[in-house]
Amino acid sequence: MLCSKRGRPNASCNPPTIDVPALSGCRHLDCTVQGRPSQALEVMRELRNNKQLCDVTLRVTHEGKEQSFLAHRVVLASCSPVFKAMFTSNLRERHLAEVKVEGVCPRVMERLIEFAYTARISVSEPAVLHVLLASMMYQVEEVVKACCDFLVRNLNSSNAIGISNFAEQIGCTELHQRGKEYISMHFNEVTKENEFFNLTHCQLLDLVSQDSLNVLCESEVYKACTEWVRWDLASRDQYFHALLNAVQIYALPP
């Protein structure tokens with residue numbers, strides 16, 4: 001039942017005196033309004049768009065590019081533990097109206113800020129790794145998961161090595177492992193791509209030493225190693241014997 005607007009109390013400076021009757025009983029009112037959190041976010045987003053009640057400016061600089069973004073500390077803190085620590089601990093940023101952010105492209109930071117206000121992330125494929133890196137830096141776990149799921153779904157022979165190595169560098173363990181599994185399962189296809197020939201000798205040694213390589217014959221591994229060496233014979237010839245030791249020579253055809 002909805003109350004009519006007529007006669008409703010309001011928050012004017014001098015509200016009329018209203019007698020509140022006493023109720024007896026042991027019942028309890030407990031109501032959760034579905035969708036209220038999303039409504040609250042929408043209000044905060046509207047306030048930000050109108051530049052109202054914003055209490056921090058992020059000045060993002062990266063590789064000569066600079067852009068500033070107005071935001072609400074509480075919204076950023078609710079999305080990122082890094083921002084939460086920044087604005088609630090004894091760090092100097094807690095008292096600054098303008099916070100300098102480095103190491104993240106302004107457009108990528110803009111996507112993370114939009115996610116904080118909308119719970120939605122939308123980026124083109126070329127930008128996914130950049131968004132993943134930034135979301136790892138600021139510990140936005142939902143975006144990390146969304147990026148990793150997207151990358152796993154789109155692994156192929158031409159990008160698996162690069163994605164797996166990138167994931168290892170930034171400490172994204174699950175994505176790194178899924179990339180390695182793809183490489184092992186599609187070894188022959190991967191060894192025909194440029195990424196394979198850009199492997200270091202240590203990375204190649206680690207790859208061909210795996211027992212999980214999906215190959216019909218060990219000669220396929222031997223061929224991949226010799227082609228990798230020939231790609232830059234002058235500098236890679238020294239690694240040939242080490243690679244040969246990793247190949248299961250006894251399994252090679254006579």
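Mentor: Cysteine 31 has a relative accessible area of 60%, so it counts as exposed (over 50%, against under 20% for buried and partly exposed in between, with a 1.4 Å probe and protein chains only). This is a predicted model, in which local features need pLDDT of at least 70 and side-chain atom pairs count only at pLDDT 80 or more, while totals for chains, interfaces and linings use all residues. Residues are numbered from 1 along each chain as its sequence is written, and side-chain values use heavy atoms, leaving out hydrogens and water.

A search of the whole structure finds 0 disulfides, a disulfide being a pair of cysteine sulfur atoms within 2.5 Å. For cysteine 202, the nearest cysteine sulfur belongs to cysteine 225, 13 Å away.

Now the sheet. Strands (E, at least two residues) and helices (H or I, at least four) are DSSP runs numbered from the N terminus, and two strands pair if DSSP finds at least two bridges between them. Here 3 strands form an open sheet in the order S2-S1-S3, with mixed pairing. S2 (65-71) and S3 (98-102) each have a single partner strand, so one side of each lacks a neighbour in the sheet. From one strand to the next, the twist averages 20°, taken between N-to-C directions of lines fitted to C-alpha atoms, for helices over the stretch in contact, on a scale of 0 to 180 degrees.

S1 (residues 56-62) runs antiparallel to S2, joined by 7 bridges; valine 56 stands opposite alanine 71 in S2. Helix H4 (residues 106-118) packs on the sheet and touches S1, S2 and S3, contact meaning heavy atoms within 4.5 Å. The direction of H4 makes about 15° with that of S2.
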